[in-house]
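Open the model in your viewer and keep the sequence panel at hand. The tour below says what to select at each stop and what is there.

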Amino acid sequence: MSEAQAVLALARSGDLAAAIARGEQAMAAGQADAGLTMFVGVLCCRAGDLDAGIAHLRVAAGLAPDQPVPALELARALLSAGRFDEAETTAASLIDGGLAVEREATRIRALALSRLKRIEQALPLFERLVASDPGDFESWAGLGVARLAQQDAHGAEDALERALRLRPNNAANVIQLARARSLRNDPEAALDAALRAIALDPASGEARVEAARAGASLRDFASVALHLEAARDLLRDQADALCDVGDIAASAKMLDRAEADYRAALTLDQASDRGWGGLATVLERLNRADDLHRVIVEARAAGAGEAALALARARTLRSEGRLAEALAAARLVPDDGDVVGREQVIGDTLDRMGDTAAAFAAFSRANARLAELNAGSERDAEEYRASFERLGRLVSPAWYADWEAPPPPSARPAPLFLFGFPRSGTTLIDTMLGGHEDAVVLEEEASVDRVAAALGALDHLGQLPLSEIERLREVYFAEVDRIVPDAGSRLIVDKQPLALGSTPILHRIFPDARFLFAERHPCDVVLSCFITSPQMDAKVANFFDFDATARLYDTVLRYWTRCTEVLALNVMATRYERLIADPARELRAVAHFAGLDWSEALIDNRRHAADRGFIASPSYAQVAQPIYQRARGRWLRYREQMAPVLPLLLPWAERMGYPAD
């Protein structure tokens, strides 16, 4: 029996260690050719000793330079070892020569390029592979991941679904599918994929992370907490994964847990830029300035890059009025960091410094980046505007006249709904009202959305039987009790600016509900929406473009006006400009409308903001400051940039009684 046959027999028996030892003895004695040397290298890789395997495969490739298979196995081993540059170079040498291994070499090269983030080079290789063989699972999966890296959510989902038709039970691929669906802002579908991945691989921390991410988008914070807790246990020794957990916890308003997650990540990796950056951002959001300063000092001592801390530091410097320093700090954020946050801080700082042209350019860059990161956002924005158009056509005097008599009031006091177009001052109002002992604020929670989802179509809203109305009330108050278990008999102030789309539903189930509508100069509102980049959803997709923002404003205001003209609503309009000019006078009127006793303490928005800690709205930084006047009439400084949308907005300003200039 030859040495090669002996090694093969040992390998077939399952004794890899003996097979490797026998083969290495033959190699040391000079009795091994390229084939045996390659086989021993492959066995080492299978046994988990990639370094030894790569060394043997490199020798084998040198012994037979005219044979492609040893070089192919070397490329495969280098890819498995994470030595992507070498894998790509080795695989590339086997392509375009008409070799039998060219297809597999192309796949290895594409995977290596993808890992190296050279996506533009990887994509055409994957596309060529799946075009020539639609049954190639690995290439479909690789194409999906590459498209995901390019933020092409729809393209990624298509490729990943094709891969899953070939191997339906591949948990790793299902996790990537969940990520693609989250990217295209379909959290329900993302959650479905994540739960499927968990069923396939219950020990997958990544699947738990994706389930939590989708739950956060759905604002199902109970499930978020459940999945994040499981993820923390499964990923407890992975610093970067714990940063993912912290990111999701922060997005779900669980800032104390997010802080603990980032600190846990830093325990594993003291120099983690993501850990320090996440921790700094959380402390900045919690208005813990002293702690933030200490963390910045600690991070520098631990060797963290300045870029990781730059954004939180820039925001803090800006809030302290140190504008030149804030601008310099923001510019340290790299292009592969939070570009949106960087450009937003740069724009706001330049705005405060009086350079409106440069500020507008920065805001435009932020929105362009958001649009780039959210493939399909323009389509989402159009559909969102169209939804208000459809609602406006439904709400008519004839439709309302066909409603049956109003139901009796609910056993619990009806809420006060705080509506308005975003950036109209709703956060400032709810922060002040939240300081009243007889009120509790729901800040952009899913309470109204839950009711709308439970109802479905509005066509027969006016004919709902009392039993169905009571069921919808139970849905609403169950959500309230989940969010604020100790609400008791206090007034619920439900602030969700654009939930006004559900006004007819709320009027039907709570006929005695009060609606507080926040007004602000339309041009200031549209400008503020454009220059403030909150978390992405369909309505926010309109804010990436001035024209789309103005059209959404016009559509929403036409719908709201229709509701106030057709429905017998109990409505009060509060105005931002009056609120900042004379807070006591405006709030006194609001408190009276809400049925709350007046208290001078309501005016102290800074204390109320500090008491609340985390504020979900993009306005959190503003409401934590003393009431200021600089945002009033800001649009006049941007009149040149706003010229194309003024014909749509100024008629609304005139209708509200604002002066022309």
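Helices here are DSSP runs of H or I with at least four residues, and they are numbered from the N terminus. Just past the end of H11, Asn-185 has a positive phi of about 60°. Bear in mind throughout that this is a predicted model.

**Whole view**

Start with everything shown as cartoon. The protein has 37 helices and 5 strands. Its C-alpha atoms fill a box of roughly 100 × 60 × 45 Å along the principal axes. Of the 661 residues, 54% are buried. Now consider contacts between residues at least 6 apart in sequence: 66% of them join residues at least 24 apart.

**Stop 1: helix H3, at Thr-37**

Select Thr-37, which is found in helix H3. Is Thr-37 buried or exposed? It is buried, with a relative accessible area of 2%. Show its neighbours beyond four places in sequence. Thr-37 touches Met-27, Ala-32, His-56, Val-59, Ala-60 and Leu-63.

The structure holds 0 disulfides.

**Stop 2: helix H5**

Select residues 68-80. This is helix H5, with 13 residues. From first C-alpha to last, H5 reaches 19 Å, close to the 18 Å expected at 1.5 Å a residue.

How many of the 13 residues of H5 are buried? The count is 10, so H5 is largely enclosed by the rest of the structure. Colour the buried set: Pro-68, Pro-70, Ala-71, Leu-72, Glu-73, Leu-74, Ala-75, Ala-77, Leu-78 and Leu-79. Glu-73 is one of these buried residues.

Which helices do the buried residues of H5 pack against? Bring up H3 (34-46), H4 (50-63), H6 (84-92) and H7 (102-115) to see them. Then step past the end of the helix to Gly-82, where phi is positive, near 80°.

**Stop 3: helix H11**

Select residues 171-183. Helix H11 also has its length on record here: 13 residues, reaching 19 Å between its first and last C-alpha, close to the expected 18 Å. In H11, 11 of the 13 residues are buried, so this helix is largely enclosed by the rest of the structure.

The buried residues of H11 include Asn-173, Gln-176, Arg-181 and Ser-182. Also among them are Val-174, Ile-175, Leu-177 and Leu-183. For their partners, show H9 (137-149), H10 (153-166), H12 (187-200), H13 (205-218) and H22 (356-373). Asn-185, with its positive phi, sits just after H11.

**Stop 4: the loop at Leu-458**

Go to the loop between helix H26 (447-455) and helix H27 (466-483), and pick Leu-458 there. Leu-458 is buried, at 13% relative accessible area.

Which residues does Leu-458 touch, leaving out those up to four places away in sequence? They are Leu-391, Leu-394, Trp-399, Pro-504 and Ile-505. Draw a C-alpha to C-alpha distance from Leu-458 to Ile-505. It reads 7.7 Å, for a pair 47 residues apart in sequence.

**Stop 5: the cavities**

Select its lining: Arg-412, Pro-413, Phe-477, Gly-488, Ser-489, Arg-490 and Ile-492. By class, this lining has 3 nonpolar, 2 polar and 2 charged residues.

The second largest cavity has a volume of about 30 Å³. Its lining is Phe-421, Ser-424, Phe-517, Ala-518, Glu-519, Arg-520, Val-525, Tyr-553, Leu-557 and Met-656. The classes here are 7 nonpolar, 1 polar and 2 charged.

Which elements supply at least two residues each to this second lining? Strand E4 (514-519) and helix H31 (546-566) do. E4 gives the most, with 3 residues.

**Last stop: Cys-563**

Return to the cysteines. The structure holds 0 disulfides. Cys-563 is in none, and the nearest cysteine sulfur, in Cys-529, is 19 Å away. Cys-563 is buried, with a relative accessible area of 0%.

How values were computed. Residues are numbered from 1 along each chain as its sequence is written. This is a predicted model: local features need pLDDT of at least 70, side-chain atom pairs count only at pLDDT 80 or more; totals for chains, interfaces and linings use all residues. Side-chain values use heavy atoms; hydrogens and water are left out. On a 1 Å grid over the protein atoms alone, a cavity is a set of points where a 1.4 Å probe fits but cannot get out, and a pocket is an open set with protein on both sides within 12 Å along at least five of seven lines; lining residues have an atom within 4 Å of a point. Ala, Val, Leu, Ile, Met, Phe, Trp, Tyr, Cys and Pro count as nonpolar, Asp, Glu, Lys and Arg as charged, and the others, Gly among them, as polar. Grid points are joined across faces, edges and corners, and a volume is the space filled by probe spheres set on the points. The expected span of a helix is 1.5 Å times one less than its number of residues. Buried means under 20% relative accessible area, exposed over 50%, partly exposed in between (1.4 Å probe, protein chains only). Contact means heavy atoms within 4.5 Å. A disulfide is a pair of cysteine sulfur atoms within 2.5 Å.
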